[in-house]
Amino acid sequence: MKKTTVAMAVVAFLLVGALAGFGIHTLVYRNTASTGEMSGAGSKDNATGGGQPGEPLDEEDNIADAPPRQEAFNPNYAMQHIRYLSMSIGPRPQGTAPEIAAADYARSQFSSYGYSEVREQSFPLKNGLYSQNIYVDDTGSNPTWTIIVGAHTDTIAGPGANDNASGVGTVLELARVFKIIDQVPNLRFVAFGAEEITEGFRKPNDHYGSKYMAAQLSNEDINVIGMISIDMVGVGSSLYVNATLQAPKTFLDLFYAYATQRNVALSYNQDPGWSDHESFEAHGISSFWLEYRKDPNYHTAADTYDRIRSDLINQVGNLLQGFLESIDANACTLLDEASDYR
Ligand SMILES: [Zn+2]
């Protein structure tokens, strides 16, 4: 090899190295870099002990590796919501004052993130009481499409920290983040009322809130192309995606592919419809339910805050944020072709 050739090879090597280095740097920046902005509830300087909505956790409750960026899912905030719902409010049977308190909490949190319009759907229960869905729409860069991300507030027994304050806390934190960052489709974040099964624990006596919203979509000028139910994501060892397959599982497949790309192990299950995804699948909308398994204490008094694992909440929240950010116009078109409202 001539000296000049060697020199050119060295230059080429350095150039490739520099480009690769730049790529790695960009990736690192995107995932971990701080914006230097630590304002509002995100500042540890404001730590006062926590327990009330909007207040940070005690220092000992803080998660050491939690990202400090305002535009990244922060499990500390989700954990605050879970603690408030399960401890400050406690059991939240559908149609009762505590379920209404949980709805009020969701409303106040949505408002605090800057959503100018927090909407409510009130619907009757079979026991003569009323329940409600609280929701916001976060406009995407292409308003042709909407994806619903929801979790139920009510409980069947016990304080419902995992079932399902864990889901509501995750939805609220995602709503905070997406108010700051941009995405392609509209995102509707929902705190559903009255998901749990009642009247003899028999279907179809369940999912009243999500059924109501799914039915009302026919009266809305909105094209829902996918729905995610986040239900029980704070306890367990295996992450599952479930769908009833009453609608095409395109959305689940997209999520599965994304999780695989992120090296997150995911199991798939066809379920009989044990969460709010069922209500939207029944209307032809490609939907799935995300959960960790198996929680031995769900639907009992032992479903308590101290059992919630913030690392699981963190994984689910980060995964969902990345997934929702990854949904581009091509993915929306694919989902639009799969989801046919009926
Ligand atoms: Zn549940």
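1. A nonpolar core, as the term is used here, is a set of buried Ala, Val, Leu, Ile, Met, Phe, Trp, Tyr and Cys residues joined through C-beta atoms within 7 Å. A residue is buried if 20 or more other C-beta atoms lie within 10 Å of its own, exposed if 12 or fewer, and partly exposed in between, with the C-beta atoms placed from the backbone. The model is a predicted one, in which local features need pLDDT of at least 70 and side-chain atom pairs count only at pLDDT 80 or more, while totals for chains, interfaces and linings use all residues. Residues are numbered from 1 along each chain as its sequence is written.

2. The largest nonpolar core has 77 residues, and those that touch the most other members are A106, V171, L174, F189, A191 and F288. Helix α4, residues 161–180, gives the most to this core, with nine residues; helices (H or I, at least four residues) and strands (E, at least two) are DSSP runs, numbered from the N terminus. Once its neighbours within four places in sequence are left aside, A106 is in contact with I134, T153, V168, L172 and A191, where contact is taken to be C-beta atoms, placed from the backbone, lying within 7 Å.

3. The strands deserve a careful look next. Eight of them form an open sheet with mixed pairing, in the order β1-β2-β4-β3-β5-β8-β6-β7, and two strands are said to pair if DSSP finds at least two bridges between them. Because β1 (119–124) and β7 (267–270) stand at the edges, each with a single partner strand, one side of each is left without a neighbour in the sheet. From one strand to the next, the twist averages 25°, a value that rests on lines fitted to C-alpha atoms as axes (for helices over the stretch in contact), with angles that run from 0 to 180 degrees between N-to-C directions.

4. Within the sheet, strand β3 (residues 146–152) runs parallel to β4 and is joined to it by seven bridges; H152, for example, has F192 in β4 as its bridge partner. Helix α3 (residues 97–112) packs on the sheet, where it touches β2 (130–138) and β4, and its direction makes about 15° with that of β2.

5. Helix α3 can then be taken by itself. It has 16 residues and reaches 22 Å from its first C-alpha to its last, close to the 22 Å expected at 1.5 Å a residue, the expected span being 1.5 Å times one less than the number of residues. Which residues of α3 are buried? They are E99, A102, A103, Y105, A106, Q109 and F110, and they cover an arc of only 155° around the axis, which puts them on the same side of α3; the arc is that of the directions from the helix axis to the C-beta atoms. What covers these buried residues includes α2 (75–89), β2, α4 and β4. Just after α3, G114 takes a positive phi of about 105°.

6. D206 counts as buried because it has 25 C-beta neighbours inside 10 Å, and, not counting residues up to four places away in sequence, D206 touches E195, E196, I197 and T198. Although D206 and W274 are 68 residues apart in sequence, they are 8.9 Å apart in space, C-alpha to C-alpha.

7. Most residues other than glycine have a negative phi, and most peptide bonds are trans. A cis peptide bond joins K203 and P204, with omega about 10°, and a cis peptide bond also joins R293 and K294, with omega about 0°; K294 lies in the loop between β8 (287–293) and α8 (310–326). A194, which is not a glycine, has a positive phi near 55°, and A194 counts as buried, with 28 C-beta neighbours inside 10 Å. M232, in the loop between β5 (224–230) and β6 (238–243), is not a glycine either and has a positive phi of about 70°; with 27 C-beta neighbours inside 10 Å, M232 counts as buried.

8. Leaving aside neighbours within four places in sequence, S267 is in contact with S238, L239 and Y240, and the C-alpha atoms of S267 and L239, which are 28 residues apart along the chain, are separated by 6.2 Å.

Definitions and conventions: Contact = placed C-beta atoms within 7 Å.
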